[in-house]
Structure formats: C-alpha cells, structure tokens
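Q: I would be grateful for a close look at a single part of the structure shown here.

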Amino acid sequence: MRLSPRPFGRTGLPVTPLVLAHGAIRGSASRGPALKPEDVERAFHEQGVTTFLVYWAWPAMVEGLRRLVRAGHRHELVLLTETGLPGGTFVRRSFEKTARAVGVDHVDVCILGWLRSRGGLGLGSWKALEKLKDEGKTRAIGFSSHDRLLATAVAREIRPDVLMLRYNAAHRGIERQVFDALGNDRPAILAYTATRWGFLLKPLPARGFPEAMRAGECYRFVLSHPAVDAVLCAARSPEELREDVEAVLAGPLDPGRLEACRRFGDEVHAAARGGWRWMFREAPGPPSA
C-alpha cells in the first residue's frame, strides 16, 4: 500500500498524488489529534509519501522531515513551502528560515501564498522567487489564490511553474475558468481544500443526502480531473492517512459516483451561509462556483 510518484506538470519533479501538509482550516470538521514527527516518517516509509508541504512554524512536520533528511532520504523527498506575506525581503527570509529548520540547502517548490491582486506580486515578491530559482535554491515557483479569474490572468502573464488552487466537489468553477482556460499550457496544478474544510464530510439529510462523502472520496474526486497533478492532504492521524492512501490507490471515481459527488457538492455549496465572504472577496455564486 504505497503511493507512486507522478509528474508534477512540466517541473520535472516527481510528486505523490497526496501531498502531506501540517493542518488545515477545518470549518465544520471536528478537531482531533495531529500528526507527530514519527507519523511523518511513517508516511514516507510505509505509505510511500514523498511530497510534503512544510513551513518553519510547523514543529511536528519540520522534525519529521529533519529525521528523514538526516537518515539520507533528501534525494527521495519533494519539499514544498508557501510564503505568507508579500515583499521580497519577507519571501526570502521565510524561505531560508524553513530551509534551515528542515536542514536542507534547497526547497523544491516555493509558492507565494494567497494572491488576492496583482499588487501581491509587487514589493519584489515575484522577483525574489525568481532569484531563488536562479540561485538553485528552488526548482519551481508559483502562487496560490482563491480568485480563479485572477489566477488565470496572472498565470498567462508571468507563467509560473505551479498553481495552488481551491478545488473540490462544491467548488468546480475552476474547471472552466482555469483548467479549460489555460488548456495544455497550464502549469502544474496543486489542489487544496478537497473536503471543503470538512463540510463535504457532513451529511445533509434535509436536502436528500443522508450520507456524506468520505475523505478518501474527496481526494479521489479531485484527482479524477486530468488537470490536477496533486492534492494537499491534512490527515490528523496515521489511521486517517492510511485510509486516504488506500482510497487514492483505488484510482479515479467511476462516472456514476462522480456525478453523485457533484450533486452532493452542489447541495453543500447551496447550504453554505450567504452574504459577502471577506476571505475570498466574493459574493455567493452558483452551485458550481
């Protein structure tokens, strides 16, 4: 029961379809235990996870990866990091702090986090990423965004190596606004919020759905789209991760189950609270938004 690496767009990096992350905004999901350093090691040795999202402030992930690096596995790992605040100085400082914490001289992918406007590329932010790549400190650079139209427009303009975007059964507008819009010229796609912060894991009996999706199905749904190269997984325990890996190894969802998940996703989206959503700078859209 081990994941196999796959191409990450045109970056030349082999990534596992599940990218293990430290944690996530859980929304309606219940809080539970968190992975320990030994769980990170076990994910590599037992489940074949070779790709990790790491940040210097995540002690368990950092320590687990430090142990793997010290054991001589650096060449087998693909490490990704995301910088939070814009500004060239901050981007480099955050990158180098993470690299030092893990004990490596380079991080394979560096992403500018949560791009909300073209202004987020200013203050030397994107130039700082380009310089890190030129120096060989990272092999691929990109950005994350909740704004699909902005992401597409900026991707055409600066041609990033990687796009990190929200995609799940309840948020499918990305399929036409990004995947179709960019076509075969798109960068590597890393999806996140596969469970829609846990809301896809809760049934909606009042709307005709007494059963929800399972976490593994959420990852399979995302990976069923041919444009998606990998998806973030924030399993809270070795047991959750084992279940997620087993599900992904079963392959894409069959057409019938895909359609059922779309219908459920539409209801989850429709059941969400209305009003202006400050985090995403958007008003409620249609079910496939």
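What kind of unit do strand 7, helix 5 and strand 8 make?

A: Strand 7, helix 5 (residues 148-158) and strand 8 form a right-handed β-α-β unit. Right-handed means that, with the strands pointing away from the viewer, the path from the first strand over the helix to the second runs clockwise. Helices (H or I, at least four residues) and strands (E, at least two) are DSSP runs numbered from the N terminus. The model is predicted, with local features requiring pLDDT of at least 70 and side-chain atom pairs pLDDT 80 or more, while totals for chains, interfaces and linings use all residues. Residues are numbered from 1 along each chain as its sequence is written, and side-chain values use heavy atoms, without hydrogens and water.

Within this unit, strand 7 and strand 8 (residues 162-166) are paired in the parallel sense over 4 bridges, where pairing requires at least two DSSP bridges between two strands. Gly142 lies opposite Val162 in strand 8.

Strand 7 also has strand 6 (residues 109-112) as a parallel partner, again over 4 bridges, and Phe143 of strand 7 is opposite Leu112. Strand 6, helix 4 (residues 125-134) and strand 7 make a right-handed β-α-β unit as well.

Strand 7 (residues 140-145) is largely enclosed by the rest of the structure because 6 of its 6 residues are buried, that is, under 20% relative accessible area with a 1.4 Å probe, protein chains only. In a regular strand, side chains alternate between the two faces of the sheet. Both faces of strand 7 are covered: Ala140, Gly142 and Ser144 are buried on one side, and Ile141, Phe143 and Ser145 on the other.

Conventions. Buried means under 20% relative accessible area, exposed over 50%, partly exposed in between (1.4 Å probe, protein chains only).
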